[in-house]
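Student: I am new to this structure and would like to go through it by question and answer. Please define each term when it comes up.

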Amino acid sequence: MDNYQQRVWWPAFLGCLLWIVPMVPAAAAASLFESEVVVSSQSPAERGSALHAALTEVLVRVAGRNNVLDTEPARELLADPGKLVQQYRYYTRPDSQPPVLVLWVRFDEASIRQGLQQQGVSYWGQERPDTLVWLAVEDRGRRYVAAADDDTDVHRQIELAARQRGVPIVFPLMDLEDQSRVRFTDIWGGFFDNVLLASERYRPQAVLIGRLNRSASGGWSSRWNLQVGGEHRAWTDSRSDLAQLSQQGIDTAADILAAQFAVAGGGGGGSNNSVTIEINGVDSRADYARINAYLETLTSVADLQLTQVSGSTLEYALRLNGSMQDLTRTVSIGSVLEPAAGGMPGSFRIRQ
């Protein structure tokens with residue numbers, strides 16, 4: 001866009017932008033408030049128990065920690081799950097023998113978010129890092145690295161656990177390129193340089209590396225390493241059951257991620273942390289629309305107002321849930337903005 005065009009349309013466009021449209025939850029966030037529970041009947045009594053179990057799962061998912069269930073806000077919400085239900089339906093799982101009946105339910109996002117944040121409980125919205133999962137599995141003599149197209153119990157249990165905690169995961173393709181760069185022994189022996197180098201093709205925001213071993217007696221043990229934001233955390237576990245082992249591994253990873261990306265509650269009225277940010281490299285109406293729509297979906301942004309346009313730079317006044325550091329961490333894992341190289345806090349660029 002040349003300078004003349006910019007001078008003509010930006011000032012007029014700015015006048016129109018003083019009316020900021022209401023926030024609309026992104027479709028990607030909807031699944032955070034959905035849950036499925038296996039039931040034996042459609043009786044009201046069993047539905048009540050199932051709704052309680054479903055809401056329990058949702059609260060842990062959006063608070064980012066299991067001990068949210070010990071808080072008073074969670075107890076209040078769980079006292080009457082039915083009043084938070086937006087939709088529910090029953091269905092029978094395809095090809096299940098004997099037939100498996102499932103209750104699917106979606107809860108009201110606004111009520112849950114308000115119930116948690118206004119009473120000081122952390123909230124983890126849709127801004128969740130894409131996590132690449134490398135798993136080296138030794139199952140009583142059989143050795144393999146879990147791949148995207150696997151149909152193994154390990155693959156299924158890890159995916160199920162990740163869905164329950166709302167952690168977006170992807171397994172490596174383990175095609176010829178991956179196989180040439182990563183060996184089973186790299187993961188098993190804890191030599192992660194090759195693993196992290198091979199991960200770059202997937203452009204993940206986090207990398208979870210696991211070593212899972214099934215003993216002759218049937219028990220499972222594991223070692224885990226999570227790399228995110230230039231830091232890494234490691235832990236071990238052992239369980240008699242694969243489902244429990246998988247859930248524990250994903251639970252711990254989710255807790256670590258939530259500690260970085262969940263937004264602290266305001267405690268009885270929300271945060272009044274007002275800041276100004278600038279965004280550079282904005283060259284078109286499409287850029288503006290993309291930026292505005294993105295900011296409106298962020299959990300850390302309670303309110304926004306475009307205050308100035310100067311050339312290819314936008315200035316916004318924001319009211320934050322949390323801090324500028326929370327906002328910067330969230331932006332760093334997104335695909336729309338990035339912190340400006342060498343810039344001051346609150347200085348960002350649009351990603352091209």
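**Cavity, pocket and salt bridges**

Student: Which residues line the largest cavity?
Tutor: On a 1 Å grid over the protein atoms alone, a cavity is a set of points where a 1.4 Å probe fits but cannot get out, and a lining residue has an atom within 4 Å of a point. The lining of the largest cavity is made up of T131, V167, I169, L208, L226, I250, A253 and L257.

Student: What kind of model is this, and which limits apply to it?
Tutor: Residues are numbered from 1 along each chain as its sequence is written, and side-chain values use heavy atoms, with hydrogens and water left out. The model is predicted, so local features need pLDDT of at least 70 and side-chain atom pairs count only at pLDDT 80 or more, while totals for chains, interfaces and linings use all residues.

Student: Which helix gives the largest share of the lining of the largest cavity?
Tutor: Helices (H or I, at least four residues) and strands (E, at least two) are DSSP runs, numbered from the N terminus. For the largest cavity, the largest share of the lining is 3 residues, and they come from helix α10 (residues 242–261).

Student: What is the volume of the largest cavity?
Tutor: Rolling a probe the size of a water molecule over the atoms shows where empty space is left. Grid points are joined across faces, edges and corners, and a volume is the space filled by probe spheres set on the points. The whole structure holds 1 cavity of 30 Å³ or more. The volume of the largest cavity is about 30 Å³.

Student: Which elements each supply at least two residues of the lining of the largest pocket?
Tutor: A pocket is an open set of grid points with protein on both sides within 12 Å along at least five of seven lines. The largest pocket has a volume of about 840 Å³. Of its 33 lining residues, S31, L32, A162, R163 and G166 are the closest to its centre. At least two lining residues each come from β1 (34–39), α3 (44–63), α6 (153–165) and α11.

Student: Which residues of α11 are buried?
Tutor: Helix α11 (residues 285–297) has 13 residues and reaches 19 Å from its first C-alpha to its last, close to the 18 Å expected at 1.5 Å a residue. The expected span is 1.5 Å times one less than the number of residues. Buried means under 20% relative accessible area, exposed over 50%, and partly exposed in between (1.4 Å probe, protein chains only). In α11 the buried residues are D287, Y288, I291, N292, Y294, L295 and E296.

Student: How many salt bridges are there?
Tutor: A salt bridge is a side-chain nitrogen of Lys or Arg within 4 Å of a carboxyl oxygen of Asp or Glu. By this rule the count is 18.

Student: How many residues apart in the chain are D175 and R201?
Tutor: D175 and R201 form a salt bridge whose closest N and O atoms are 2.9 Å apart. The pair links distant parts of the chain, with D175 in the loop between β6 (169–170) and α7 (176–181) and R201 in the loop between α9 (193–199) and β7 (206–214); the separation is 26 residues.

Student: Is D178 buried or exposed?
Tutor: R201 also forms a salt bridge with D178, with 3.0 Å between the closest N and O atoms. R201 is in the loop between α9 and β7 and D178 is in helix α7, so the pair ties together parts 23 residues apart in sequence. R201 is partly exposed at 32% relative accessibility. At 0% relative accessibility, D178 is buried.

Student: Which residues form a network of salt bridges?
Tutor: E177 and R181 meet in a salt bridge of 3.5 Å, N to O, and both lie in helix α7, 4 residues apart, about one turn of the helix. An α-helix has 3.6 residues a turn, so residues three or four places apart point the same way. E177 is partly exposed at 35% relative accessibility, and R181 is partly exposed at 30%. The network of salt bridges links D175, E177, D178, R181 and R201.

Student: What distance separates the C-alpha atoms of S312 and N280?
Tutor: S312 lies in the loop between β11 (301–310) and β12 (313–320) and is partly exposed, with a relative accessible area of 26%. S312 and N280 are 32 residues apart along the chain, and their C-alpha atoms are separated by 5.9 Å.

Student: What share of the residues of the protein chain is buried?
Tutor: The protein chain has 12 helices and 14 strands. Of its 352 residues, the buried share is 45%.
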